[in-house]
Amino acid sequence: MTERYVLPGGAVAKRRLDIIAGFLRPATLALLRRVGVAPGHRCLDLGCGGGHVTADLARMVAPSGSALGLDADAEVLELARADAVAGGVRGASFEVGDARELDMTGFDLVYARCLLGHLPDPADVVRRMVRAAVPGGVVVVEDIDHDGVLTYPPSAAYTTYSRVYQDLVRRRGADPTIGFALPGLLRDAGLAEIGLNVTHPAFLAGAPKRVHCSTLVAIMPLVVGEGLLDEAAAEALLAEMTAVAEDPGTVVTGPRVVQSWGRRPVDGATDQ
């Protein structure tokens, strides 16, 4: 699956994921509490990346529950596993697996963050997530609306960056603005009690404020290789974005993050 992603994996990805997970964590924890994650639950974190949510789920369901993190990137999973061990997290495990081939069952919670927007057929993956949940279980997804990347004062450089990023994702058949489509995907997959919440992280300083610069560095070989920008233009764009991010008088936002969830009906399993 990783060959279809715009962003590279491995140790470089893990450092970036650590930053992103840090500023997304409060909203994700509030969401998991809202949907009723509790001790004893069996949880699946699909496309778990650096394992940050897997570890939090394991803590929430302790001592008798479990959290399985599944991802296609074996290298980043090794780093996630090491972090969990170092943090004394019990009940968390990690396996290499492709979300597009998910064939598991028996989970009280099936969760994915920033996964569906990278996939050419997110509806199929959502159906697989629903089948993985027990009747009465909850499926929870979080994903982005990249149109929400904003700055104050407005920056033409960030507008160009967002367009280039979205073009790369769409060339792979995926949707970088999938966020508000999530409730419909869950409803179409047979879930009930659909919920919706939107968060929009914004930054005045620090590594989170520079995360788009890190993303541009990561995708620059593709940006240049696919002819979206030449090398000089890409480097100039990075310089302009960095200047905005380092200016204490500016605000830089992440993408809007759309959270949606639903419950698998108890009165009959879905075979969609």
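Which residues of α2 are buried? They are V53, T54, A55, D56, L57, A58, M60 and V61, where buried means under 20% relative accessible area, against over 50% for exposed and partly exposed in between (1.4 Å probe, protein chains only).

## Basis of the description

This is a predicted model, in which local features need pLDDT of at least 70 and side-chain atom pairs count only at pLDDT 80 or more, while totals for chains, interfaces and linings use all residues. Residues are numbered from 1 along each chain as its sequence is written, and side-chain values use heavy atoms, with hydrogens and water left out.

Helices (H or I, at least four residues) and strands (E, at least two) are DSSP runs, numbered from the N terminus. Two strands pair if DSSP finds at least two bridges between them.

## The seven-stranded sheet

Seven strands form an open sheet with mixed pairing, in the order β3-β2-β1-β4-β5-β10-β7. β3 and β7 (192–199) stand at the edges with a single partner strand each, so one side of each has no neighbour in the sheet. From one strand to the next the twist averages 15°.

On one part of the sheet, β1 and β2 are parallel and share five bridges, with C43 bridged to A67 in β2. The path from β1 to β2 goes through helix α2 (residues 52–61), and this β-α-β crossover is right-handed. A crossover is called right-handed if, with the strands pointing away from the viewer, the path from the first strand over the helix to the second runs clockwise. β2 is also joined to strand β3 (residues 92–96) by five bridges, again in parallel, and L70 stands opposite E95 in β3. With helix α3 (residues 74–86) between them, β2 and β3 make a right-handed β-α-β unit. Of the six residues of β2, five are buried.

## β5 and its two partners

β5 is largely enclosed by the rest of the structure, because 10 of its 13 residues are buried. Its pairing with β4 is parallel and runs over six bridges. A112 has V141 as its bridge partner in β5, and F107 stands opposite A133 in β5.

With strand β10 (residues 256–263), β5 is antiparallel, and eight bridges join the two. V141 is bridged to S260 in β10.

## Helix α2 on the sheet

α2 packs on the sheet and touches β1, β2, β3 and β4; its direction makes about 165° with that of β2. Axes here are lines fitted to C-alpha atoms, for helices over the stretch in contact, and angles run from 0 to 180 degrees between N-to-C directions.

Eight of the 10 residues of α2 are buried. Their cover includes α1 (10–34) as well as β1, β2, β3 and β4, by contacts between heavy atoms within 4.5 Å.

In soluble globular proteins, nonpolar side chains tend to be buried together. A nonpolar core is taken here as a set of buried Ala, Val, Leu, Ile, Met, Phe, Trp, Tyr and Cys residues joined through side-chain atoms within 4.5 Å. The largest such core has 27 residues, and L46, V110, L116, M129 and V139 have the most contacts inside it. Two or more residues each come from β1 (42–46), β2 (66–71), β4 (107–113), α4 (122–132), β5 (133–145) and α6 (182–188). α4 gives the most, with five residues. A second, separate core has 24 residues, including L31, L32, L57 and A84.

In α4, the buried residues are P122, V125, V126, M129, V130 and A132. These cover an arc of only 160° around the axis, which puts them on the same side of α4; the arc is that of the directions from the helix axis to the C-beta atoms. β1, β4, β5 and α6 are among the elements that cover them. Neighbours within four places in sequence aside, V139 is in contact with V110, M129, V130, A133, L186, L191, S260, W261 and G262.

## The three-stranded sheet

Another open sheet has three strands in the order β6-β9-β8, with antiparallel pairing. β6 (151–152) and β8 (202–203) are its edge strands, each pairing on one side only. β8 and strand β9 (residues 251–253) share two bridges in the antiparallel sense, and F203 stands opposite V252 in β9.
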